Amino acid sequence: MDRRNLLCVALTATLGAATALAQNGEAIYKAHCASCHNAATGRVPPFSALRQMDAATIMRAITTGTMKTQAAGLTTQQKYALVGYLAAPAQKPAAAPPSNAFCRMAAQPRQNAPHWGMWGENIQNTRFQSAKEAGLTAAAVPKLKLKWAFELGDGVTVHSQPAIAEGRVFVADLTKSVYALDAKSGCIRWRFQADAQVRSPIVAGKHAIYFGDMKANAYAVDLAGGKLLWKTHVGKHFAALLTGAPQLHKGVLYVPVSSFEEALPPSPKYECCTFRGSVVALDAATGKQIWRTYTIAKKPQPTRKNKAGTQMYGPSGAAVWSAPTFDKKRDVLYVATGDNYSEPVTKTSDAVLALDAKTGKILWSKQITIGDIFNNACGAPGSPNCPEQHGGDFDFGQPPILVTLPNGHRELVIGQKSGMVHALDPDHQGAILWQTRIGPGGALGGIQWGSAADRKNMYVAYSGLQIKVIPDKSAPHGYRLGLDPKKGGGLFALRLADGEKAWSAKPPDCGDRKHCSPAQSAAVSAIPGAVFSGSEDGHLRAYAAATGKVIWDVNTAHPYQTINGQKARGGSIDCAGPVIAGGILYVTSGYGQWGGMPGNVLLAFSVKGK
């Protein structure tokens, strides 16, 4: 899976020899990082992307975050030297929010207010908002104007999609905070502090919100006041984390579990790999586990030793990166899985699985891509941890969408990083109904985080993000890596009945803009008559659902003065898609990884504007 949530500071050489380099960050980088990042491919962030990140983000990654294991051999002085070399210029400490950032009058949540409370808006994950809940018509979309902006803290990459419920917006910032904001004004109702950065989208129930963090903790927090109701650690592996949104249905919270282990194998001393993806069912009221199902039934066992003499393990991988989809008719949960990290290959990787919602038993599995074994060592030349027969990294980053056609037939439709869209039959063991290719695919997509569907069409955005070599005498080795401004992007409407293209919209033109890519990786959202898709170029566009014509286009990549008194900046739009409720469209902007434009802001648009 394209690990866009990972800061892959891959320290691939022997760490013990770095003592003499303690005060020389550039030398430490060249000795231990450059082999991966100066020749970054696929999912390894290039040197240019690391230089856009702030010091706090990099230090968290190598001390308590996803790269803690790989940086364990560095002394404190060496870590500071490395961070000092890589980090963007220090910013002045942020001022405390002014008093007017907080709501002046206490207010109880508004029952039955318009909502978008789940990743896919509903348990079928259609990402389609009804006219009543949207409060926004396609005819009014061209009139949308900025209403308010909210700064999301010290960082450069926004991951978590907000939820809208009971007149409030629930959003995670780039540190460890989760906020409840007034949906109309953006003022702060309450703030909750998690144990780690909240990566997963937020899900809103009747009385609580639910989310997961980078340490694989699942949380329930009181919707009205922000009090912790329960916290459950659902990761049994040191590398486990929660990226996909949990699914909530009838008092049960279904939590998908993924990991950052795929980023560790560039080190030849790493014993790859032992993580297995899973889904955990929790009692939504107490957080107690009801069942856990691994996507790979067999526990990892020793397999072979690599050329460095390190013991290898398998099978591994098949992480669940996206929200489960619930089928009320059959009481079944559908989940999409990632690739294998190491040999042997399994039949449940790159697949859609059907799980019994009461017991977690796997009822059927439909594997789409066979033999897709991949880890980040495959992006590091000469690394012994890349499987000899590795795949194309064509796993699933989005959930299946459950749709019912006008004739009563049902389909599970899903896009893949391979550039293919698939329709499966949920009532016949996942039999393939149709398949349509919209692009060649790739490690960075392909089709990424989420598609949308109405009764007629499925709306699919194409990423196709490409990184190219740019001559630069001032950079290490005389070159740097940047985004290709001419490759990627596009939005497609596919007929649900047969997968044929109803229309396709050409990708935007970057022109002479720097740090630009036309890739459209972010999740798609739709209302009657309009489809919304964000782009790496920082634009959010609305397309006419009938023709694909652009009817609204806003550039989010610029500075903002925010409701909480901090200066913020928009950037690339990736991962999370816009959410629409009560006449307001909310979208996060900023994605500083993979050479994209950094940012840290939540934006609210309405027809009336401010």
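This is a predicted model: local features need pLDDT of at least 70, side-chain atom pairs count only at pLDDT 80 or more; totals for chains, interfaces and linings use all residues.
Biologist: What is a disulfide, and how many does the structure hold?

Modeller: A disulfide is a covalent bond between the sulfur atoms of two cysteines. The structure holds four disulfides. Counting bonded cysteines along the chain, the pattern is 1-2, 3-4, 5-6, 7-8.

Biologist: Which parts does the pair of cysteine 103 and cysteine 187 tie together?

Modeller: The sulfur atoms of cysteine 103 and cysteine 187 are 2.0 Å apart, and the two residues form a disulfide. Cysteine 103 sits in the loop between helix H5 (76-86) and helix H6 (131-134), and cysteine 187 in the loop between strand E4 (177-182) and strand E5 (188-193), so the link ties together parts that are 84 residues apart in sequence. The torsion about the S-S bond is 90°, and the link is right-handed.

Biologist: Are cysteine 103 and cysteine 187 buried or exposed?

Modeller: A residue counts as buried under 20% relative accessible area. Cysteine 103 has 17% relative accessibility and therefore counts as buried. Cysteine 187, at 10%, is buried too.

Biologist: What is the handedness of the link between cysteine 378 and cysteine 386?

Modeller: The link of cysteine 378 and cysteine 386 is right-handed, with 95° about the S-S bond. The S to S distance in this disulfide is 2.2 Å. Cysteine 386 counts as buried, at 15% relative accessibility.

Biologist: Why is the disulfide of cysteine 510 and cysteine 516 left-handed?

Modeller: The torsion about the S-S bond of cysteine 510 and cysteine 516 is about -75°, so this disulfide is left-handed. The two sulfur atoms are 2.0 Å apart. Cysteine 510 is buried, with a relative accessible area of 1%, and cysteine 516 is buried at 3%.

Biologist: Now the strands. How do strands of a sheet pair, and what is the order in the open sheet of four strands?

Modeller: Strands of a sheet pair through backbone hydrogen bonds, either parallel or antiparallel. In this open sheet the order is E31-E32-E33-E34, and the pairing is antiparallel. Strand E31 (525-527) and strand E34 (550-555) stand at the edges with a single partner strand each, so one side of each has no neighbour in the sheet. From one strand to the next, the twist averages 15°.

Biologist: Over how many bridges do strand E32 and strand E33 pair?

Modeller: Strand E32 (residues 530-534) and strand E33 (residues 539-544) pair over five bridges, in the antiparallel sense. Phenylalanine 532 stands opposite alanine 542 in E33.

Biologist: How do side chains sit in a regular strand, and which residues of E7 lie on each side?

Modeller: In a regular strand the side chains alternate between the two faces of the sheet. In E7, Ala208, Tyr210 and Gly212 lie on one side and Ile209 and Phe211 on the other, and both faces are covered. Five of the five residues of strand E7 (residues 208-212) are buried.

Biologist: Which strands pair with E7?

Modeller: Strand E6 (residues 203-204) pairs with E7 in the antiparallel sense over two bridges. The bridge partner of valine 203 in E7 is tyrosine 210, and a hairpin of three residues joins E6 to E7. Strand E8 (residues 217-222) also pairs with E7 in the antiparallel sense, over five bridges. There, phenylalanine 211 stands opposite tyrosine 219 in E8.

Biologist: Which residue takes a positive phi in the hairpin of E7 and E8?

Modeller: Alanine 216 does, with phi near 65°, in a hairpin that has four residues between the strands.

Methods
Residues are numbered from 1 along each chain as its sequence is written. Side-chain values use heavy atoms; hydrogens and water are left out. A disulfide is a pair of cysteine sulfur atoms within 2.5 Å. Buried means under 20% relative accessible area, exposed over 50%, partly exposed in between (1.4 Å probe, protein chains only). Two strands pair if DSSP finds at least two bridges between them. Axes are lines fitted to C-alpha atoms, for helices over the stretch in contact, and angles run from 0 to 180 degrees between N-to-C directions.
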